Amino acid sequence: MARILPEPTPETRHFWEGCRDGELRLQRCTDCKTTYFPPRAFCPSCASRQVEVYAASGRGVLWSYVINHRPRPDMGTEPYAIAVVKLDEGPTMMTNIVGCPQTPEALVLDMPVKVRFEKQTDDISLPLFEPAKS
Amino acid sequence: MKQNSVAVVGAAETTKMGKIPDVSVIGLHADAALNAMADAGLKPSDIDGVATAGISPVELAHYLGIKPTYADGTSVGGCSFMLHVRHAAAAINAGLAKTILITHGESGRSRVGAGGFGRAPSSLMGQFEMPYGVTSPPTMFTVPVLRYMKTYGVTEEDLANVAVVQREWAALNPRASFKDPITVNDVLNSPMIAWPFRMLMCCLVTDGGGALILTSADRAKDFPQKPVYILGTGESVETPLVSQMYDFTSSTAFKISGKKAFEEAGITHADVDHLMIYDAFAHLPLYGLEDLGFCKPGEAKDFIRERNTAIGGKLPLNTNGGGLSYMHSGMYGMYALQESVRQMRGTAAAQVKDAKISIAHGVGGMFAASGTIVFTNEK
């Protein structure tokens, strides 16, 4: 069963194109300098339309998660973590943590993580995260 | 809103609750509405305002043959009914309508005439949460909780204890779905749903509904039931994505809604005799107690463990057994309101003696929205 995938909109296309091209692209306000997520055409902090897209570090820490023991059919048959990472640039982002067991012992809050793009189709790669050395 | 200017004069749940395979969603709305009208001694032609969520107020009005001058379709999840009460109070004061019916009905378990739970893949949730394997609320509403637990040293036992204490209340309610006593160990040994959440930390999935009828306080004294006045109200909305909450250890919407309701009511926490906090999952009473200001951040777990919210405690909480044990059709806020009204009428199964002020606090979506209603039986 094919994984449920996002359908980009004009306001989010730069993000998904970035993922396809191996770059985690965030937006920041050129007036108040706030970095924000999810994408939109203006700054949610000060409402300025003067915003820019930039390549973020792709690094952050594991902020919170649950381990889903009733997998969605397109996600396989084993329990998996539905996680939120806090990016070094500030925003939080939902994701999955890959490259480690899906257990409370392996998934320790505040551990450093880095992005790993996993190709799903020619257009869509998902920004997943894996444990990183601090 | 103006204190005590509007009252609840009709309140009822569906005739049956739990598993109702022979009634559709709109049928549950209508059953609750007819019961509430009977409670108030009214007919559909006496109603000039309608509000509902889940279905459209258009469907509701036409199904019941009501031709209203006021319709509210605010739909922000399970606390929508708190917002409907708030808006109805304002509308009655502004002269938009005189007698407003608010209904809920949901075939949560049997799914008769019910829609699906999907999200468009181009929506924010479709793009930024669905791809990571979220399913139903147990895998979304719970996502912030590990951060809360780490911040305040909250344990799995603390979460389990919320369910244990509420089951004690449920045992006093003949209509509660689950009445048998449970222990912390029972909760911690129940099937894993989404770690750290076990089945008994998650709400029921049942069928049912409820309805309220509001009118001006001046008219309320002419109705058959003891009027329950609206003393204060609050509402707020926060985020459609749980991953984008402003703070994973606190609901901003709870704080804004609660503060506004206390201000409107002109009361302090010590004035509150009875409290309902929408408990779709075991962490919600903890967040609610703290964000409403009954406890300092991180102290709700101790407050519950010390039995302040239990039978005989100083702040009886979720006295119907809550979404964890009483019933939960999907949008539970209506049942929290119903229990507050029963407590203020003095007709609750687990009646709090001499209770004069009751608060019903609701959550919508996954920490998406909030509504708070302060009721009193004194004018």
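## Paired strands in chain A

Two strands pair if DSSP finds at least two bridges between them. This model is predicted. In chain A, strand E1 (residues 25–29) and E3(A) are joined by 5 bridges. The two strands run antiparallel. One residue pair shows the link: A:Arg25 has A:Ala55, in E3(A), as its bridge partner.

Where does E1 sit in the sheet order? The order is E2-E1-E3 in chain A. This is an open sheet of 3 strands, with antiparallel pairing. Its edge strands are E2 (35–36) and E3 (51–55) of chain A. Each edge strand pairs on one side only.

## Where the chains touch

Now to the contact between chains. Chain A brings 30 residues to it, and chain B brings 28 residues. Three strands of chain A each give two or more residues to the side that touches chain B: E4 (59–68), E5 (80–87) and E6 (92–95). Which element gives the most to that side? It is E4(A), with 6 residues.

What kinds of residue make up the side of chain A that touches chain B? By class, there are 18 nonpolar, 8 polar and 4 charged residues.

## Bridges across the chains

E4(A) also has a strand partner in chain B. It is joined by 2 bridges to strand E5 (residues 192–195) of chain B. These strands run antiparallel. Which residue of E5(B) is the bridge partner of A:Ile67? The partner is B:Trp195.

Terms used:
Residues are numbered from 1 along each chain as its sequence is written. Chains are lettered from A and ligands numbered from 1 in the order in which they are written. This is a predicted model: local features need pLDDT of at least 70, side-chain atom pairs count only at pLDDT 80 or more; totals for chains, interfaces and linings use all residues. Two residues are in contact if their C-beta atoms, placed from the backbone, lie within 7 Å. Helices (H or I, at least four residues) and strands (E, at least two) are DSSP runs, numbered from the N terminus. Ala, Val, Leu, Ile, Met, Phe, Trp, Tyr, Cys and Pro count as nonpolar, Asp, Glu, Lys and Arg as charged, and the others, Gly among them, as polar.
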